[in-house]
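Hi everyone, thanks for coming. I'll talk you through one structure today, so please have a look at it with me.

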Amino acid sequence: MSGFSGVVKAGVNPGAPDYDFQIKILICYLLTNIKTPLSLEQLSEILVSGELVNYFELIKAVSELIDTGHIVKAKTNPMSVLENFRYPEDNMVLKKESRNPEYYEVSKEGRQTAELCERDIPLSLREKVIKYGEELLNRMRIEAENTVNIRKADDGYIIEMKIIDFGSNLLELSLFAPTKEHAEHIKRNFLKAPSEFYKGVMKLLEGEVE
């Protein structure tokens with residue numbers, strides 16, 4: 001029995017793992033390949049928000065993996081160097097992250113399990129979980145290095161954007177938006193490619209754009 005019956009479960013997409021042991025393998029595989037300790041909330045953002053497992057399955061699997069020593073608490077916070085880290089306002093899972101969350105990394109036993117049993121997880125699912133993990137880490141790094149604040153004004157909203165490099169402010173810019181939705185739209189687009197935004201502004205100011 002493959003364990004991927006295609007039966008639809010609440011909160012997950014068809015084709016997600018059906019059995020506890022497969023969810024544990026998926027977690028070990030993620031931590032092995034992403035090579036960065038993750039908090040429970042970050043695991044939830046990847047696996048639950050990605051509709052690969054539901055929240056209760058995740059909590060159970062993580063607890064049992066800790067008990068068996070397949071994952072362990074990380075000795076250092078992998079995000080501690082990102083002093084300006086800001087969680088996205090529209091991300092309810094990450095907003096619940098505590099000030100001092102615990103981070104987990106895969107142990108030697110967990111890596112061995114991932115390597116020996118990864119074929120119990122379909123390739124498409126393995127690729128998907130790594131893709132979601134890399135997207136999360138990339139977004140966290142971008143939002144750590146480039147901050148956006150939206151504040152209410154009398155007749156709309158002000159978006160305050162800041163690009164930081166090596167501790168120095170490369171660019172600070174404030175824009176007006178008539179609605180909160182418009183402001184959020186500008187924020188998302190800015191965070192998608194802040195370096196390209198900066199290059200575009202510099203080209204315009206230096207007269208390279210007609």
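Let me start with a term: a crossing is left-handed if the near helix is turned anticlockwise from the far one by less than a right angle, and right-handed if clockwise. Helices here are DSSP runs of H or I with at least four residues, strands are runs of E with at least two, and both are numbered from the N terminus. Now, what we have is a predicted model, where local features need pLDDT of at least 70, side-chain atom pairs count only at pLDDT 80 or more, and totals for chains, interfaces and linings use all residues. Residues are numbered from 1 along each chain as its sequence is written, and side-chain values use heavy atoms, with hydrogens and water left out.

So, which hand does the crossing of α2 and α3 have? It's right-handed. The axes of α2 (residues 40-47) and α3 (residues 55-68) come within 10 Å and cross at roughly 135°; axes are lines fitted to C-alpha atoms, for helices over the stretch in contact, with angles from 0 to 180 degrees between N-to-C directions. That makes α2 oblique to α3, oblique being what remains after roughly parallel (under 35 degrees), roughly antiparallel (over 145) and roughly perpendicular (65 to 115). From α2, L40, L43, S44 and L47 make the contact, and from α3 it's Y55, L58, I59 and V62; contact means heavy atoms within 4.5 Å.

Next, helix α1. 11 of its 15 residues are buried, so α1 is largely enclosed by the rest of the structure. Buried means under 20% relative accessible area, exposed over 50%, and partly exposed in between, using a 1.4 Å probe and protein chains only. Among the buried ones are I23, C28 and Y29.

On to the sheets. One is open, with three strands in the order β4-β5-β6 and antiparallel pairing; two strands pair if DSSP finds at least two bridges between them. Its edge strands are β4 (146-153) and β6 (168-177), each pairing on one side only. β4 and β5 (residues 156-165) are joined by eight bridges, and V148 stands opposite M161 in β5. Helix α7 (residues 180-192) lies across β4, β5 and β6, at about 170° to β4.

The other open sheet I'll mention runs β1-β3-β2, with antiparallel pairing too. β2 and β3 (residues 103-106) pair over three bridges, and V72 has E105 in β3 as its bridge partner.
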